[in-house]
Structure formats: structure tokens, C-alpha cells
Amino acid sequence: MMRLPWFEWRAPASLAEAARVLAGEGPQAMLIAGGTDLIPNMKRRHQSPKTLVSLRGVRELKKSNGTLGAGLTLSELVHDGAIRENYRGLWQAAAQVATVHLRNMGTLGGNLCLDTRCNYYNQNYEWRKAIDFCLKKDGDICWVATASKRCVAVSSTDTAPALIALGAKVKLVSARGEREVPLDALYNNDGIDYLTRRADEILTEVSIPAGWTSSYWKLRRRGAFDFPVLGVAAAVRLAPDGTVQEARLALGAAASRPFLVQKGGDFLKGKKLTDEAIAEAGSLVASRAKPMDNTDLDLYWRKDVVSNFVGYALREVRGDDLREARLRIARQALS
Ligand SMILES: Cc1cc2nc3c(=O)[nH]c(=O)nc-3n(C[C@H](O)[C@H](O)[C@H](O)COP(=O)(O)OP(=O)(O)OC[C@H]3O[C@@H](n4cnc5c(N)ncnc54)[C@H](O)[C@@H]3O)c2cc1C
Ligand code: SF4
């Protein structure tokens, strides 16, 4: 049985108190929201914070009037009819995270700040010790890219690519003040230093512009429970005649950060979402996907299907009914 290391527990009741406690505890403290990622990681000794600062009692993180509080659980997002209606891609992404139990505990903020993943890292302490650890934790070599000085662990959050495509911004609050950044700017393409968030900052809320039609498609081994090995998000603003006014296409689980593929969106601008335009956008996006061999399913196949997944996302945005395709993908991934 894997046991948790010892830690101190702080339970602030307000955002100001949480920011003060986090600043006071210093870099050896970590925030905990639902704990669905951090607790297993602590059991595997990926992180051993001296103090955990719990966000569960911070009411300000629960709001959902105009902006989404980082403390909302994924289940709360999934059961919110307005999110399903207005931010379909986010709703689809949240609904496909893990399982019902994990979504009942896991929060939006925790999902956006999720640790990066790798087959050589998401193992227990003894397993990692047997290979002399790796660059990301306790070692000095990357087993995926042995010549690399950079960890290439994979960003595996489902909601981040969906929100990046939607043009979301996040607010970061510390005892020193607050700042708002585009969600895209929250991430570094570095498996270790994967967030630009400072150690004393709390991600408090997410704001999303209105008026976009969006879709999220996820590749994973099983139809439930599994992290994405590819996430494709599309968001489009359409003129009444169906011409694309603006488009954003984002990839998840294809690098150490979720990212926009600018040239895919730019290509679609001013065009109708015809099969030909969708296929060309798919190729442009696929050319930017460079997955590494450190997660589930065959590396080359994962790269091959990127353009198909872009196609699904854009056809759904166009209005095609793709429920059958979603079911088929869930079944195919299993076989
Ligand atoms: C079996 C299993 C399957 C899973 N499948 C998926 C999946 O398919 N897709 C997916 O995206 N995730 C998956 N997860 C990961 C996890 O359950 C979710 O990402 C969840 O949303 C994490 O939220 P949390 O509140 O539990 O985060 P926590 O575990 O509480 O925190 C995660 C990280 O975020 C930081 N953090 C939390 N809140 C904040 C905040 N407000 N400000 C700044 N930092 C913060 C923490 O310090 C920690 O580093 C899975 C987990 C398990 C165990
Ligand atoms: S990518 Fe390399 S350094 Fe990073 S977790 Fe995997 S093996 Fe370790």
C-alpha cells in the first residue's frame, strides 16, 4: 500500500486568507483543491509538500456568474445547462475527464494546473528508483529523449485545450495583487516547469468570451477513466451565411503544454466549412503535432489521427451530428 508522506494542513476560509497563508508558507507549500491528482502524486513521492493549503473552504472560488470559479467541480460544470449550451467544447471536455467520482471531487482549477504525465514518471517510488529516476523528479536523465535537457512529459488536461480554443482568460491572485492572463500564456512547453503561475499565486477564475461555437474530441484507450492521449478543440465564429469570421484550433496531449495552432484557424477565416477546407485545416494542425513516445497507444498512430480528429471537431461545429462517430471511437480505442 502506498502511504502519504507527512504534511501540515491549512484550511483557509477566504481567498485573502488563502493567499496570505500560501505566501507565508513559502515554496514548500502546495495548494490542494479536489486532490484527485495531487494525492496520488504525493503517494508516489512526485511531490512532498511540507504544507497543503486547501481551497475547498474558499467560497469565492465557487462562483459561476459570468466567470467560472476555479473551485467549481467538473461535475458542477457538466450539470450546468448554460455551459452545455454556450461553451459546448468545454462541456464536452469536462464530461470526458476521468470518471463520475473523480469529476465530483476534481475542480476546474486543479484540471488547468494538472501535473504533466509520462510513462516513466507516473509510477511508484520503487519503480522509478529501479530505473534511477528521471529528470522530472530525483534523476538526471530523460528516458524518452536521452539527449534532451528538457523533460517532455505530456500535458494531459482536457479542459485546457477546450478553453484555449474558446479564448479564455484566467485570473491569478496572490497576497501581492492579481493579474489576468490568456489561458494560453499560463503554460510553458516544459514538462517540469509547465506553468507560468508563480508559487504564491492562486488561480481563481476563468472568463470566456461569448459567441463562439465549439467542440472537443478526445482520444483515449477506454471510453471512460483514461487521460487523453490526444485532445482536439475547435472554436469558430460563424457569419449567418456560414462563413468563418474567426477560428481557433487547439491541441492537448501533444506536447508539454496545450497550444493553439494559429495557422489552422487563420486558414479557415473567410471560408465556409466545406469538407475540403476542413481537410486542409486538419493537415495544417497535424503538421504541428509532435507527440512523444511516453504515453499510451502507438506514437505514429496518435500522430496519424490528428487530422481526423480536427475533422470531427470542425464538422461538429458545422452542425453535423457525430454521435455515432463518438461511440465508434470509444469502441475502436479499446480494440
Ligand atoms: C484515474 C484518474 C483518471 C484521470 N483522468 C483524467 C482525464 O481523463 N483528464 C484530465 O484532465 N484529468 C484526469 N485526471 C486528473 C484529475 O482528476 C483532474 O485533472 C482534476 O480536474 C484535478 O482537479 P483537482 O481539483 O482534483 O486537483 P488537485 O489534485 O487538487 O490539484 C492538481 C494540481 O493543481 C494545483 N491547483 C489546484 N487548484 C489550484 C488553483 N486554484 N490554483 C493554482 N493551483 C491549483 C495543485 O497544487 C496541484 O498541483 C485523472 C485522475 C485520476 C486519478
Ligand atoms: S519526459 Fe523524460 S524527464 Fe520527463 S518524466 Fe518522462 S522520462 Fe522523465
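Start by selecting D132, in the loop between helix 8 and helix 9 (159-165); helices here are DSSP runs of H or I with at least four residues, numbered from the N terminus. This is a predicted model, with local features needing pLDDT of at least 70, side-chain atom pairs counting only at pLDDT 80 or more, and totals for chains, interfaces and linings using all residues. Residues are numbered from 1 along each chain as its sequence is written, chains are lettered from A and ligands numbered from 1 in the order written, and side-chain values use heavy atoms, without hydrogens and water.

D132 has a positive phi of about 60° though it is not a glycine. Most residues other than glycine have a negative phi. D132 is exposed, at 54% relative accessible area (exposed is over 50%, buried under 20%, partly exposed in between, with a 1.4 Å probe and protein chains only).

Now pick D138, in the loop between helix 8 and helix 9. Its phi is positive too, near 75°, and D138 is partly exposed at 45%.

Next, go to R117, in the loop between helix 7 (108-112) and helix 8 (125-130). What is the nearest side chain of opposite charge to R117? It's D37, 4.6 Å away, and buried R117 has no salt bridge (a side-chain nitrogen of Lys or Arg within 4 Å of a carboxyl oxygen of Asp or Glu). Beyond its neighbours within four places in sequence, R117 is in contact with residues including F227 and N294, contact being heavy atoms within 4.5 Å.

Last stop: K290, in the loop between helix 11 (275-286) and helix 12 (299-304). K290 is exposed, with a relative accessible area of 55%.

Key
Helix = DSSP H or I, 4+ residues; strand = E, 2+ residues; numbered from the N terminus. Lys, Arg positive; Asp, Glu negative; His and termini not counted.
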